Amino acid sequence: MILGRERLDAAPVECAGLLVIGDPHVSSRRPGRRKDPDWPAPVLTKLEHCVALANDRDLAPLLLGDLFERPVEPDESLKSRLIRILKGFRHRPLANVGNHDIRHTRLSDGDSLAMLAVSDVLDAVPESGPAAHYRVDGRLIGLGATPFGQAIPSEARGLFPGADHVVWLTHHDLAFGAGYPGAVPPEAIRGCALALNGHVHKRHAAVRIGDTLWFNPGNITRGSIDLIAHVPAAFVLSGDLSLSEERLPHAADVFDLTGRQVAADASPEAIGRVESAFVSLLQAETTTDLARSDDGALIREEIEAKFSRDQTPEPVRAAIRSLVEAAVTKRGL
């Protein structure tokens, strides 16, 4: 089921390729250590660049989830600006549903992403399953998607009769290479040649597991300093399922590094590896420092660092994170 226009029953979308766009995290609230004076202009500029690229090369856009930073974006002006940008795509965007897009376990009418879908700005995928067909370079591609919190299928054979390839979108805590607590390794989806994952903020090299090549392109918005060396980019998917990088406009010096010591090699080689240059935490910021971010990110950093030092059990971490989120919301951050 698609929230928006039905796609599977319609003729395949004829296009020259697909434009894969990692999590934008559109928000009127500036991320903690970003120092941009005109937020959220950097995010909207990247999306405008995606529109120009897609229209110039006849690409159909795919959003990997977390279009919004918050399930309900309160800034009506920002939503109007975003709608104008999304309506600029020649081919209607299709969006998977990320954890930041939903207040509950599923996309609902109260979420801003659902409002865009029912307003015919884009199509959203609220339930895991087949979503659309695309005809690219004479090849028929069947596209499936699994929103955050839903089970990724292990079998895609038979879901897209006549398709030359099956591609699947996911938005999950998947471990690419070195994992982190709570992340699980991706698994093969039989009959699916390519799976594209959102949610994990950094780009990771593609890994093949059984029938499936898994790729995590990373966010187009750098919201935290562990992404200081991450290069925001969209990816063009061709009919033969090859992927090519299209770097998006971005500035290098966007983070306030007060209280942090960061060693970053800005050489093309280092950027190509897309590895964080995060080295060490020097000192805990003062209470005043911790309160200066728009979204409470600095105090979250300190709490997460203490969790790591103390090896805090996950249930305790979850409870404390919930209290912090409630406090940040109460302050109107």
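What follows is a dialogue on how to read several features of this predicted model.

Me: Where do I start: how many helices and strands are there in the protein chain?

Reply: Start with the elements, then ask how much is covered. The protein chain has seven helices and 15 strands. Of its 333 residues, 49% count as buried. The chain exposes about 14800 Å², and carbon and sulfur atoms supply 53% of that area.

Me: What share of the contacts join residues at least 24 apart?

Reply: Take the contacts between residues at least 6 apart in sequence; 67% of these join residues at least 24 apart. Arg 103 and Pro 71 are 32 residues apart in sequence, yet their C-alpha atoms are 5.6 Å apart in space. Arg 103 is in the loop between strand E4 (94-96) and helix H3. Beyond its neighbours up to four places away in sequence, Arg 103 touches Pro 71, Val 72, Ser 108, Gly 110 and Asp 111. With 47% relative accessibility, Arg 103 counts as partly exposed.

Me: How many residues does the largest nonpolar core have, and which have the most contacts inside it?

Reply: To read a core, look at its members and then at the elements they come from. The largest nonpolar core here has 35 residues, and Leu 19, Leu 67, Leu 113 and Leu 122 have the most contacts inside it. Two or more residues each come from strand E2 (17-21), helix H1 (41-57), strand E3 (59-63), helix H2 (76-86), helix H3 (112-118) and strand E12 (233-237). H1 gives the largest share, seven residues. Apart from this core lies another, of 26 residues, including Leu 64, Ile 141, Leu 143 and Phe 215.

Me: What does Leu 113 touch?

Reply: Leaving out residues up to four places away in sequence, Leu 113 touches Leu 67, Phe 68, Ala 95, Asn 96, Val 97, Asp 101, Leu 107, Leu 122 and Ala 124.

Me: What is found at the start of H2?

Reply: There, a side-chain oxygen of Asp 75 reaches to within 2.9 Å of the backbone nitrogen of Ser 77.

Me: How many salt bridges does the structure hold?

Reply: The structure holds 16 salt bridges. For each pair, read the distance and then the accessibility of both partners. Arg 70 and Glu 73 meet at 3.7 Å, N to O. Arg 70 is buried, at a relative accessible area of 18%, and Glu 73 is buried too, at 0%.

Me: Is Glu 155 buried or partly exposed?

Reply: Glu 155 counts as partly exposed, at 28% relative accessibility. Its side chain forms a salt bridge with that of Arg 157, at 2.6 Å, N to O. Arg 157 is exposed, with a relative accessible area of 53%.

Me: Why are Lys 306 and Asp 310 separated by about one helical turn?

Reply: They are separated by about one helical turn because they are four residues apart in helix H6 (residues 297-310). Lys 306 is partly exposed, with a relative accessible area of 43%, and Asp 310 counts as partly exposed at 44%.

Me: Which residues are linked in a network of salt bridges?

Reply: Arg 92, Asp 120 and Asp 123 are linked in such a network.

Me: Where is the place of His 172?

Reply: For a loop residue, find the elements on either side, then its surroundings. His 172 is in the loop between strand E8 (165-171) and strand E9 (194-198). His 172 is buried, with a relative accessible area of 12%. Its side chain reaches the backbone oxygen of Gln 150 at 2.7 Å. Not counting residues up to four places away in sequence, those that His 172 touches include Thr 146, Pro 147, Phe 148, Gly 149 and Gln 150. Also among them are Asn 197, Gly 198, His 199 and Val 200.

Key: Residues numbered from 1 in each chain as written. Predicted model: local features only at pLDDT ≥ 70, side-chain atom pairs only at ≥ 80, totals over all residues. Heavy atoms only, no water. Core = buried A, V, L, I, M, F, W, Y, C linked by side-chain atoms within 4.5 Å. Buried < 20%, exposed > 50% of the residue type's maximum accessible area, 1.4 Å probe, protein only. Contact = heavy atoms within 4.5 Å. Polar contact = N/O pair within 3.5 Å; in protein donor to acceptor, adjacent residues only side chain to side chain. Salt bridge = Lys/Arg side-chain N within 4 Å of Asp/Glu carboxyl O. Areas by Shrake-Rupley, 256 points an atom, 1.4 Å probe, with all protein chains shown as cover.
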